[in-house]
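Please open the model in a viewer and keep the selection panel at hand. The stops below follow one another, each with something to select.

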Amino acid sequence: MKIEKKYHIALNDLISYLKNSRYLTNHNVELAFRNIPRHKFVPKSELDYAYYNEPLPIMKNQTISQPGVVSRMTEWLDVKNGQNILEIGTGSGWQSGILSYLVGEGTVYSVELHPELVKFAQVNLRSLKIKNVHVILGDGSLGYLKASPYDRIIITAACTEIPLPLLEQLKENGLLLAPVGDTSQSLILLKKTSVGNIEIKNQSNYVFVPLLGKFGKK
Ligand code: SAM
């Protein structure tokens with residue numbers, strides 16, 4: 001995708017930084033970053049900062065996540081063409097857009113609690129003619145049973161524990177990625193197997209806004 005020159009330079013700088021710091025190691029994820037430009041997902045007031053490696057305010061006191069965190073989470077999720085993906089916490093829609101690029105002929109379902117953000121994300125995704133993302137208004141701590149089971153589930157808000165409905169809606173051999181913890185979270189990648197859930201990766205010191213809802217923050 002061709003993007004305006006000023007953003008192109010800033011995007012190249014961001015990608016170099018993420019590669020040097022090993023937050024971005026996968027070529028397909030780099031292509032997703034190039035094809036789903038972050039400046040299409042930030043409010044006008046934040047455009048100058050779209051390619052800073054920082055979370056940025058969107059609305060309803062929520063944030064678009066930091067690029068380094070999005071690249072790492074996307075790499076860990078190991079998305080394959082044709083898969084069925086569930087994201088909890090659509091926010092701006094940027095992470096959904098990145099997943100939509102990687103999943104190709106597959107589908108991304110993304111659940112968001114705030115109607116204003118559902119609308120914001122839908123407008124942002126539509127501006128890039130993305131058709132394989134369905135943004136759903138609802139409590140994502142309950143998952144989205146209708147389109148389950150999922151090959152991959154990603155939660156982009158902090159959970160005190162992984163909501164049970166989400167584990168139930170994951171396919172066998174599927175992966176679930178979530179930030180788990182109170183004031184600071186560990187990114188946890190789980191694989192569901194016939195003998196239980198196996199922790200594949202765990203890395204501490206992340207900070208996300210809280211997951212609300214029935215199985216969210218009490
Ligand atoms: N993935 C987003 C992006 O690319 O912009 C960033 C997500 S933001 C860090 C976390 C989001 O989770 C917020 O938009 C918030 O409203 C949403 N959220 C919190 N609790 C939720 C719940 N129970 N169900 C659905 N969305 C929830």
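**Stop one: the largest pocket**

The largest pocket has a volume of about 610 Å³. A pocket here is an open set of points on a 1 Å grid over the protein atoms alone, where a 1.4 Å probe fits, with protein on both sides within 12 Å along at least five of seven lines; lining residues have an atom within 4 Å of a point. Grid points are joined across faces, edges and corners, and the volume is the space filled by probe spheres set on the points.

This is a predicted model, in which local features need pLDDT of at least 70 and side-chain atom pairs count only at pLDDT 80 or more, while totals for chains, interfaces and linings use all residues. Residues are numbered from 1 along each chain as its sequence is written, and side-chain values use heavy atoms, with hydrogens and water left out.

Select Thr63, Ser65, Thr156, Phe208 and Val209: of the 41 lining residues, these are the closest to the centre of the largest pocket. Two or more lining residues come from each of strand 2, helix 3 (67-77), strand 3 (84-88), helix 4, strand 4 and strand 9 (196-206). Helices (H or I, at least four residues) and strands (E, at least two) are DSSP runs, numbered from the N terminus. By class, the lining comprises 19 nonpolar, 19 polar and three charged residues.

**Stop two: the ligand**

Select the ligand next; the largest pocket is where the ligand sits, meaning that more than half of its atoms lie within 2 Å of the pocket's grid points.

Now display distances from the nitrogen atoms of the ligand. A side-chain N or O atom of glutamate 87 is 3.1 Å from a ligand nitrogen. On its own the ligand has 600 Å² of accessible area (Shrake-Rupley method, 1.4 Å probe), of which the protein covers 99%.

**Stop three: the second largest pocket**

Select Asn26, Asn28, Val29, Thr74, Glu75, Asp78, Val79, Lys80, Asn81 and Leu102, which line the second largest pocket. Its volume is about 160 Å³. Helix 2 (27-35) and helix 3 each supply at least two of the lining residues.

**Stop four: two backbone details**

Finally, select serine 148 and proline 149, joined by a cis peptide bond with omega of about 5°. Proline 149 lies in the loop between strand 5 (133-137) and strand 6 (150-155). Then move to asparagine 173 in strand 7 (residues 170-180); phi of asparagine 173 is near 75°, a positive value in a residue other than glycine.

Definitions and conventions. Polar contact = N/O pair within 3.5 Å; in protein donor to acceptor, adjacent residues only side chain to side chain. Nonpolar A, V, L, I, M, F, W, Y, C, P; charged D, E, K, R; others polar.
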